Amino acid sequence: MTTPLTEAQRRQLIADRQKKSATWAIIHILGSLKIAMFLLFTIALAVAIATFAESNFDTAVARHYFYRAPWFSAWLIVLCINLACAALTRWPWQRKHLGFVITHMGIITLLIGAMVGRLNGFEAFITLHKGTPLKRLITQDTILTVQSARDGGLDRLLFPVEIHPPSETSPRQISLPDTALQLKVDGYSTQMMEIKQIIPSPSPASPAGVALEFHSGMMGQSIPIGLLLQPEDASTFDFFGLAKIQFLPKLPDANADKKKAPATLVETHVVLAAAPDQPIVHSATNKPSGYRLFLGAENPPTSADVPVDQIKFIVVLRSPHGEDQSWPLSTVLNKTTTLRDGSSKMVVAGFWADFAMREGKPVSLTNQPLNPAILVHLQINPAALTPPSRPTLTLAPVGKDQIAYQIVKQGKLTGQGTVKAGDSFPLGWADWQATVKTVEPQAEIRRDYAPAKSAPEADKKDDANSPQGMALASSNLPGIRARLVAPDGRTSEPRWIASGTSQVITLGNEVIRVGFGLKPIALPFSITLEKFEVPRDEGTTTPANFISSLRFDDPTMAAPRYDTAMMNTPAMHPGDFWRSLLGWNYKFSQAQWNPDDLDETTLQVLYDPGWPFKWTGSLMICLGIAVMFYFKDPKRPKQI
Amino acid sequence: MKSPISNLKFLPLVLLLVSSAFAADIVPDDAQLAQLAVQDRGRKKPFTTLAQESLLTLTGKSDYQPTEVSPKQNAATVLIDLWMQPDKWERKPLIQVSYQPLAVGVMGLPAKQKLFSYREVADSVPLRTLLTDLQRQRMRTPNVELTPLQKQAQQLAERVRLYESWAHGQVALVPHPSKADGVWLPIQDIGTYYNDASGAAAQNAFVAAREAWLKNDTTTFDTAVGKLSKQLAALSPGVYPTPDELSFERFYQHFHPFRWAWIAYALAAIVLGVTSGWLEKPGYKLGWILILLGFGFQIFGFYSRIAIAGRPPVTNMYETVVWLAFGTVLFAIILEAIYRCRYFLLAAAPVAVLSLVLADALPTVLDSSINPLVPVLRNNFWLIIHVLTITLSYAAFALAMAVAHIVLGKILANPKRNDLAPLHNYLYRTLQVGVLLLATGTILGGVWANYSWGRFWDWDPKETWALIALLCYLLVLHGRIAGWWSGFGLAVGSVVCFLAVLMAWYGVNFVLGKGLHSYGFGTGGYSYALAFVIAELIFVALAIFKKRAA
């Protein structure tokens with residue numbers, strides 16, 4: 001690295017070559033400090049603005065306009081050129097340039113690593129359920145897949161929807177390869193609802209099917225339901241937790257089971273209106289019934305000055321299944337009340353407007369409703385503790401075009417009959433009616449999607465009869481509306497396509513299958529969650545770690561490999577040292593968990609061939625700066 | 001649904017609680033109380049620490065003084081009293097509602113008051129409505145972004161819940177029989193773990209303590225507490241913290257090593273400042289001694305926190321502020337040892353005093369309690385190295401800024417002077433330390449993120465602002481190489497660039513952080529930070545103006 005040139009000779013050489021060679025002149029311009037300062041300043045300013053954009057809008061916006069924008073990449077390339085040229089302007093390098101060259105080359109290496117990683121690597125997610133092997137990763141890029149019936153060729157197009165979702169006013173048109181057609185996308189919804197259509201099946205082996213529509217005038221809703229005799233998951237429908245609907249070859253016997261009741265449970269509750277979450281419960285039988293009591297008021301006092309007798313208190317009893325029963329306090333105070341199940345009893349044995357304990361006895365400190373409380377004795381018939389069987393609508397085919405139905409509610413047969421297409425019958429929960437749409441002796445299901453209507457405000461009523469149905473029926477699946485457009489202006493019917501599904505769209509003779517969803521990536525091996533553990537901080541429910549025990553089944557390996565992904569310690573596959581060092585493997589880091597399902601874990605998957613450049617560059621930068629600052633050529637005069 | 005107090009032993013306990021309305025100004029023996037261990041927020045701690053933290057959460061202050069004329073009561077007295085006779089406290093002001101839009105606007109409470117009674121808060125219908133709405137909103141969209149009002153209401157609800165857990169005797173005193181990380185129980189549930197004579201004995205000791213408390217009998221209370229803690233420890237000796245551990249933490253809580261540190265640094269600053277032109281040699285020596293003394297206090301403070309928490313002390317704002325003071329003094333000591341110029345010590349002392357005083361004086365903004373780490377920060381060598389390096393770089397830049405103040409101050413005093421070359425060199429040396437550490441720390445952060453989050457760099461606001469700060473300092477250094485400015489430019493740059501550091505350090509957490517744009521912490525911290533930024537900019541502008549004019 002050292003040359004025998006003296007400092008003066010070197011300067012002369014550098015000055016001369018700029019005059020003689022256009023290449024050198026350009027290098028010296030491109031590597032100038034002015035450009036470097038300009039780049040440093042603009043990059044700092046741009047990313048500073050980007051952080052505010054992220055804070056005020058969201059991460060997607062900051063990425064789209066700044067961090068992943070083409071101009072930003074271009075800027076970084078210009079920075080690389082500037083750095084390389086700056087290093088070249090010092091040529092021939094001397095010992096004093098060591099730190100300078102290492103640092104600047106390190107930054108270039110790091111940026112090359114970033115580019116290699118972005119072009120050839122990927123970041124994706126995989127959600128694993130215990131015991132189910134998976135090979136497919138999901139990225140965060142949305143794509144369209146287009147498949148023509150003519151040649152069967154499959155095309156994938158990146159189709160970002162997050163920043164500018166397509167709409168009727170700003171549709172997006174895409175030319176389809178190998179046809180004259182265009183695909184027009186002019187709708188986007190973040191919530192899609194699945195509709196099962198029953199259509200006749202050409203295959204004689206197909207099961208019978210029935211399509212119903214449930215309608216409630218009170219709710220102003222219609223819910224289509226399609227059922228097949230086979231398989232099992234197509235033959236039942238959970239009506240949003242309110243009722244069960246099943247389609248069986250034959251109706252069952254409605255009067256099946258009755259049980260003997262065990263001993264009565266006896267409990268005492270002290271219920272404070274002010275502390276509904278802190279009931280004081282004394283169970284004489286030492287087994288809590290799970291009943292909860294609340295003390296409320298029809299007209300809650302707006303100030304403490306309202307006399308207690310002007311307040312209409314209400315006692316609410318909530319069963320372990322969440323069913324509420326309520327009474328005005330005056331009607332139950334000091335009386336024995338029979339509960340809804342007909343055998344359990346409740347006695348409200350005392351009421352205090354301003355409850356306090358004085359000398360071991362409950363007293364009312366004032367006559368103002370400052371701390372209303374009641375004392376309640378419960379005698380619970382354990383039979384009431386078994387969850388009430390939900391209403392069940394059972395259907396069975398009769399002949400080719402008729403359906404027999406039977407409605408069972410609270411163990412009692414409440415309705416039955418035989419209907420055909422076009423007939424309606426009441427269901428007996430709220431004002432829901434069922435209408436038979438079609439009956440098919442051989443049927444299959446076609447899944448269709450539509451954007452969910454705005455979900456009714458789930459909290460308007462806590463009425464047990466108001467199904468939060470639509471909110472539950474729709475998912476958080478986004479979807480797009482697409483149609484085909486011919487050169488002469490003809491268009492096909494629009495179709496909604498939910499994320500992760502595809503639809504066939506036809507226009508004239510052209511049949512195109514269009515899919516929409518997050519871009520998947522196939523792994524060359526499968527991965528299975530063997531065990532998922534969430535240790536907690538002592539004495540709390542706060543997670544202390546997340547540990548996913550994983551099994552990798554790799555066709556290139558004789559035996560399965562096992563590894564563990566936990567916080568800060570990713571699992572790798574293949575896991576050997578050199579591959580990890582070079583980034584030629586898949587890294588699985590703990591990303592998300594589902595508190596409601598501890599057999600589920602979501603891992604972030606990284607494949608980054610740019611990794612060796614990144615760490616080499618990083619090392620060079622740190623080393624270079626240290627050399628520049630602290631390992632000076634001892635012969636060189638000291639610089640202030 | 002199991003109620004938290006469904007144990008049948010609770011009822012008689014409640015029924016026994018006798019309210020003696022004229023209670024207790026008794027001051028329990030702190031040393032005895034500290035021997036009583038409790039399990040709280042994921043670790044075991046002395047009762048005194050829990051009381052201190054609870055009072056701070058409830059009232060925002062570390063002593064209880066409802067009005068300016070009333071005598072101060074210490075945390076343990078107040079919380080034991082709340083525990084022993086809850087109904088006495090229901091109407092006493094104990095819960096802080098200082099956010100005016102919530103207190104006055106929503107709850108209709110009087111504007112001038114800060115503390116309100118449990119009844120006033122818990123019975124507030126508007127507050128309950130607000131919280132119920134919030135809960136419903138949450139159920140629909142779990143990750144909903146809260147408004148400042150909702151955030152404050154939620155914090156208030158947490159204070160109410162804390163009050164209730166004390167009032168209901170939910171103090172986890174009874175150790176788990178076998179597991180070190182098992183759940184501890186309140187004393188009334190002792191039968192669940194120890195349904196024998198030893199359990200009954202501990203419960204009797206507790207009853208004796210409570211009776212003594214209700215009779216205002218301090219001596220008996222202290223004796224009973226001592227007995228209680230010994231009996232509880234004997235129940236599960238392997239799980240219960242040792243007396244040494246407990247008294248060490250109490251000692252740390254009382255000793256305030258960081259307070260002693262800033263006092264020593266402040267004295268050093270005064271001594272070094274006063275003796276600049278007079279009694280130089282002994283003054284310089286004394287300054288050195290005081291700085292080293294303060295540094296010693298800080299080392300002891302860090303040692304204590306590490307010993308108590310079992311982890312490095314760099315995980316929240318409080319700890320980084322204290323660490324910044326440490327780093328500033330550390331670099332000042334090293335550079336002063338090399339250059340022997342007094343400027344480093346003189347510059348570092350005020351920075352250290354300022355940050356330590358802030359940490360000491362704003363306990364609600366900078367929470368000094370020792371809590372377990374969130375999982376992502378745990379057991380991570382790279383993280384520790386990364387955070388320590390970055391924070392040390394901030395410390396170096398803080399020192400550079402302080403040295404720059406000396407430079408700019410001298411310019412302001414005499415704009416024509418040109419004998420500042422040595423100072424410029426000191427400044428440059430300090431900036432070098434900072435740039436090397438910040439570059440290394442930022443890159444180590446990438447290595448850490450690659451290891452932990454599964455990616456090297458993803459423009460997270462925190463990492464982005466660290467990069468911006470680095471780019472700013474690189475601009476300053478490169479501009480000097482280009483000959484666009486010299487020592488004076490370095491000084492101006494050191495001050496201005498430190499504002500970028502401030503943004504990376506404080507701003508990202510407190511200004512950019514979603515939902516935290518404006519309030520809560522902001523009411524205290526935000527205005528201080530803004531005032532600091534404006535003051536610095538004015539100072540720099542003045543220096544530039546003077547220099548130009550000369």
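The model is predicted, so local features need pLDDT of at least 70 and side-chain atom pairs count only at pLDDT 80 or more, while totals for chains, interfaces and linings use all residues. Residues are numbered from 1 along each chain as its sequence is written, chains are lettered from A, and side-chain values use heavy atoms, with hydrogens and water left out.

Chain B has three domains, with bounds from an automatic or database domain assignment.

| Domain of chain B | Residues |
|---|---|
| Domain 1 | 10–242 |
| Domain 2 | 256–372 |
| Domain 3 | 373–550 |

The C-alpha centres of domain 2 and domain 3 of chain B are 19 Å apart. Their contact involves 26 residues from domain 2 and 30 residues from domain 3, where contact means heavy atoms within 4.5 Å. About 2,600 Å² is buried between these two domains, with carbon and sulfur atoms giving 85%; buried area is the accessible area (1.4 Å probe) that two parts lose on being put together, summed over both. B:Met317, B:Phe331 and B:Tyr343 supply 23% of the area that domain 2 buries against domain 3.

B:His386 lies in helix 18 (residues 381–413) of chain B; helices are DSSP runs (H or I, at least four residues), numbered from the N terminus. With a relative accessible area of 15%, B:His386 is buried, a term for values under 20% (1.4 Å probe, protein chains only). Not counting residues up to four places away in sequence, B:His386 touches B:Gly441, B:Leu444, B:Gly445 and B:Trp448. The side chain of B:His386 reaches the backbone nitrogen of B:Gly445 at 3.2 Å.

Methods. Helix = DSSP H or I, 4+ residues; strand = E, 2+ residues; numbered from the N terminus. Buried < 20%, exposed > 50% of the residue type's maximum accessible area, 1.4 Å probe, protein only. Polar contact = N/O pair within 3.5 Å; in protein donor to acceptor, adjacent residues only side chain to side chain.
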